[in-house]
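Let's walk through this structure together, going from whole chains down to single residues. Please keep the model open as you read.

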Amino acid sequence: MKLPKFDYAKPNSISECCKLLEEHGAMALPIAGGTDLMMAMKNWLKTPKILVDLCGIPNLNQITDLENDGLRIGAMVTLRHLAQNPVVREKYPVLANAALAVGSTQVQAMGTIGGNLCQDNCCLYYNRSPMFRQAMGPCYKLDGDRCHAVKGSKHCWATYSGDLAPVLLALKASVRISDPQGETSIPAEQLYSGDGKQPHTLQFGRVITEIQVPAPPVNCGNAYLKMRVRKTIDYPLLGVAANVVMENDDMAIHDIVLALTAVEKAPLMIKAADELKGQILTDELLDGLAEAAYKQARPISNTYGYTPNYRKNMVRTYVKSAVRQSLERATGQGGVT
Amino acid sequence: MKTTITLKINGETYELSVEPNQTLLDVLREDLALTGSKKGCDLGACGACTVIIEEEPTLSCMTLAIRCQNKEITTIEGLSQNGELHRLQQSAIDHNAVQCGFCTPGWILSAKVLLENNPRPSREEVRRGISGNICRCTGYKKIEEAILAVANQNISS
């Protein structure tokens, strides 16, 4: 498949990079690992006039352990290096698990954590060859006037399917963003707009430079469970990340965050989890949380595999398993009474 | 606009002129006649185009050649030394792990990276190591055995 023509720039500093991206606006795209972008470009879904390579910018591939101040992960750290890092494996194993759940070994070796967060939304009707798309007519994501996935819909339903975002949301991570004027830090959740067509909030000239993960509190446990057809080379049909922190002196839950992927246009936070704070988890409470997540999840046929209906039904099962596993890890025993 | 780049492939240095939109796979196959790396899906899913770049298994169909400036690249052509096959290549023959041969260069390079990082992998680790390489003929069993046989040589040596 022939790639469209483009110019190539490899800036040596982050400020130069942001300036280039701002100057060219919609004509420019940054490239990190390239696994998601190359696929889109081979299908002529994206035809930038210039690619701005982030791999010449120094220090974006470092992982720094700040002990009590948490972990700093450079945006260009590959998923494979993230999963191999001794500190990540020991103190943030859920991040290593999520990185190893992405694509295949080769995709993990090429793909970066920053790129994974910026993965574009996908859909069975959008991520296709130009010939297929021509036959169907352009959808909203291609500036058309219809949605093929959800007939009659007034907006694009392309689904967010990243594996790392739900985990980073559950761990309350922030992302550092550089722009031509300087830099800011925002909660990872604010990266996502909830719009299938334009799923990220990053504006022209802005790039993610670092992911900041707070240190794990004592008595915390977490899990990421991915439903998939094969054990490799596939997008999640459903991904559930849970992070539970227990009270110091009893079995009550101090804090709990639940985030889903592949069932909405953005990573989906289940706010009903807040109601469990201060409570001792019972089967009834867990059923209630699973039901709330089930109601919020809206999977569509965005990738190959099981039906959206089956995926939605499996939300209950995966939420319960993820919360139970997190609780077991937090307490060192079976947590549900 | 064409740019001159330097690639270090299998220990040799090549200087060549590439367009930004040329993939490493196309440069290897079309410009350098190194046709051992195969073009399967050309979309990063099948693993037939796997090469090793700076010790990492990489999909050459998803890699722009222009981004490989001065990087050490190993393709299947670089494995045999002085006419003698690499242990993995010999083991693939000995275990009949090759049928049509299209996936073979890819999984051998994936296995090479696996064994360099983990000289004594379990069967499960071997499976994970080659999980990015799709074979539609032999069904993986013989491929696993070929890799495990090399791993076992590592144990006895």
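The paragraphs below take up the contact between chains, then each chain in turn.

A word on conventions before we start. This is a predicted model, in which local features need pLDDT of at least 70, side-chain atom pairs count only at pLDDT 80 or more, and totals for chains, interfaces and linings use all residues. Residues are numbered from 1 along each chain as its sequence is written, while chains are lettered from A and ligands numbered from 1 in the order in which they are written.

Let's begin where the chains meet. Chain A brings 25 residues to the contact and chain B brings 20; two residues are in contact if their C-beta atoms, placed from the backbone, lie within 7 Å. On the chain A side, strand 1 (7-9), helix 2 (35-42), strand 3 (50-53) and helix 6 (105-110) each supply at least two residues. Helices (H or I, at least four residues) and strands (E, at least two) are DSSP runs, numbered from the N terminus. Helix 6 of chain A provides the largest share of that side, with five residues. Sorted by class, the side of chain A that touches chain B holds 13 nonpolar, six polar and six charged residues. Here Ala, Val, Leu, Ile, Met, Phe, Trp, Tyr, Cys and Pro count as nonpolar, Asp, Glu, Lys and Arg as charged, and the others, Gly among them, as polar.

How many of its eight residues are buried? Seven of the eight residues of helix 2 of chain A are buried, so this helix is largely enclosed by the rest of the structure. A residue is buried if 20 or more other C-beta atoms lie within 10 Å of its own, exposed if 12 or fewer, and partly exposed in between, with C-beta atoms placed from the backbone. The buried residues of helix 2 of chain A are A:Thr35, A:Asp36, A:Leu37, A:Met38, A:Met39, A:Met41 and A:Lys42. Their cover includes strand 2 (28-31), helix 6 and helix 7 (113-117) of chain A. Just after helix 2 of chain A comes A:Trp44, which takes a positive phi of about 60°.

Stepping back, the domain assignment of chain A gives domain 1 (63-118 + 159-213) and domain 2 (220-331); such bounds come from an automatic or database domain assignment. The C-alpha centres of domain 1 and domain 2 of chain A lie 20 Å apart. Between them, 25 residues of domain 1 of chain A are in contact with 26 residues of domain 2 of chain A. Helix 5 (93-100) and helix 9 (164-170) of chain A each supply at least two residues of the domain 1 side, and helix 9 of chain A gives the most, with five residues. That side of domain 1 of chain A divides into twelve nonpolar, nine polar and four charged residues.

Now turn to chain B, whose assignment gives domain 1 (3-78) and domain 2 (87-156). Taken over C-alpha atoms, the centres of domain 1 and domain 2 of chain B are separated by 22 Å. Here 14 residues of domain 1 of chain B are in contact with twelve residues of domain 2 of chain B. Strand 3 (residues 50-53) of chain B makes the largest share of the domain 1 side, three residues.

Within chain B, follow helix 2 (residues 87-94) to helix 5 (residues 141-156): their axes come within 8 Å and cross at roughly 130°. Axes are lines fitted to C-alpha atoms, for helices over the stretch in contact, and angles run from 0 to 180 degrees between N-to-C directions. Helix 2 and helix 5 of chain B are therefore oblique to each other; angles under 35 degrees count as roughly parallel, over 145 as roughly antiparallel, 65 to 115 as roughly perpendicular and the rest as oblique. In this contact, B:Arg87, B:Leu88, B:Ser91 and B:Ala92 of helix 2 meet B:Ala146, B:Ile147, B:Ala149, B:Val150 and B:Gln153 of helix 5.

Helix 2 of chain B also packs with helix 3 of chain B, at an angle of about 125° and with the axes 10 Å apart. There B:Leu88, B:Gln89 and B:Ala92 in helix 2 of chain B meet B:Thr104, B:Ile108, B:Ala111 and B:Lys112 in helix 3 of chain B. Helix 3 (residues 104-117) of chain B also holds B:Glu116, which is exposed, with 10 other C-beta atoms within 10 Å.
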